[in-house]
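My entries follow in the order I looked things up.

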Amino acid sequence: MSIGISQIIVLGIAIAILLGSGYLGIYIFKQNPQFKKYLTTKNVIIVSLAYIVIISFISGKNAAYGFGAILTPYIITVVNSLFRNKLKFKKTFDDKFYPFFIGVLSFAFISTTLSAIF
């Protein structure tokens, strides 16, 4: 099994889209400071739980599918935060963590919903 150049290009495009959606989330929250008061840990947990339930219902699969669907945005956000903070674990959950997570989660919701519909 070999990896071709087209597969590497597709992987690069997918990573760029995911990172772009995360940084779009940071940009939107930076441009609208009134959103900052709604971006608390409690609200992000509620949004995440709602995401799990909604994805499970839309896809027609069980709750484990929704839980698996939230792991990818969370892992992408943690890895990005670690690299952004030069691998300092104490700064992982900084002020840009939740806006990035919401941006990636929004893109994941749109893509998962579209894939379930079509």
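**Notebook: helix 2 first**

I began just past the end of helix 2. Gly-60 follows that helix, and its phi is positive, near 80°. I kept in mind that this is a predicted model.

Next I checked the length of helix 2. I took residues 41-59, which is 19 residues. At 1.5 Å a residue they should span 27 Å. I found the end C-alpha atoms 27 Å apart, so expectation and model agree.

Which residues of helix 2 are buried? I listed Val-44, Ser-48, Tyr-51, Ile-52, Ile-55 and Ser-56. They cover an arc of only 120° around the axis, so they sit on the same side of helix 2.

I then looked at what the buried residues of helix 2 pack against. The partners are helix 3 (63-84) and helix 4 (97-117). On the face turned away from the buried side I noted the exposed residues Lys-42, Leu-49 and Phe-57.

**Helix 1 against helix 3**

I turned to helix 1, residues 5-31. It packs on helix 3 at an angle of about 75°, and the two axes are 11 Å apart. An angle from 65 to 115 degrees counts as roughly perpendicular, so helix 1 is roughly perpendicular to helix 3. Which residues make the contact? From helix 1 I wrote down Leu-18, Leu-19, Tyr-23 and Ile-26. From helix 3 I wrote down Ile-76, Asn-80 and Arg-84.

**The loop with Asn-85**

I moved on to the loop between helix 3 and helix 4, where Asn-85 is found. Is Asn-85 buried or exposed? Its relative accessibility is 14%. Buried means under 20%, so Asn-85 counts as buried.

I looked up its partners, leaving aside neighbours within four places in sequence. Asn-85 is in contact with Lys-91, Thr-92 and Asp-94. With Asp-94 there is also a polar contact, side chain to side chain, at 3.5 Å.

**Whole chain**

I finished with the overall picture. I counted four helices and zero strands. From the N terminus on, the elements run α-α-α-α. The C-alpha trace spans about 45 × 35 × 25 Å along its principal axes. Of the 118 residues, 31% count as buried. I also checked contacts between residues at least 6 apart in sequence: 60% of them join residues at least 24 apart.

Conventions
Residues numbered from 1 in each chain as written. Predicted model: local features only at pLDDT ≥ 70, side-chain atom pairs only at ≥ 80, totals over all residues. Heavy atoms only, no water. Helix = DSSP H or I, 4+ residues; strand = E, 2+ residues; numbered from the N terminus. Expected span 1.5 Å × (residues − 1). Buried < 20%, exposed > 50% of the residue type's maximum accessible area, 1.4 Å probe, protein only. Arc of directions from axis to C-beta. Contact = heavy atoms within 4.5 Å. Polar contact = N/O pair within 3.5 Å; in protein donor to acceptor, adjacent residues only side chain to side chain. Axes fitted to C-alpha atoms, helices over the stretch in contact; angles between N-to-C directions. Parallel < 35°, antiparallel > 145°, perpendicular 65-115°, else oblique.
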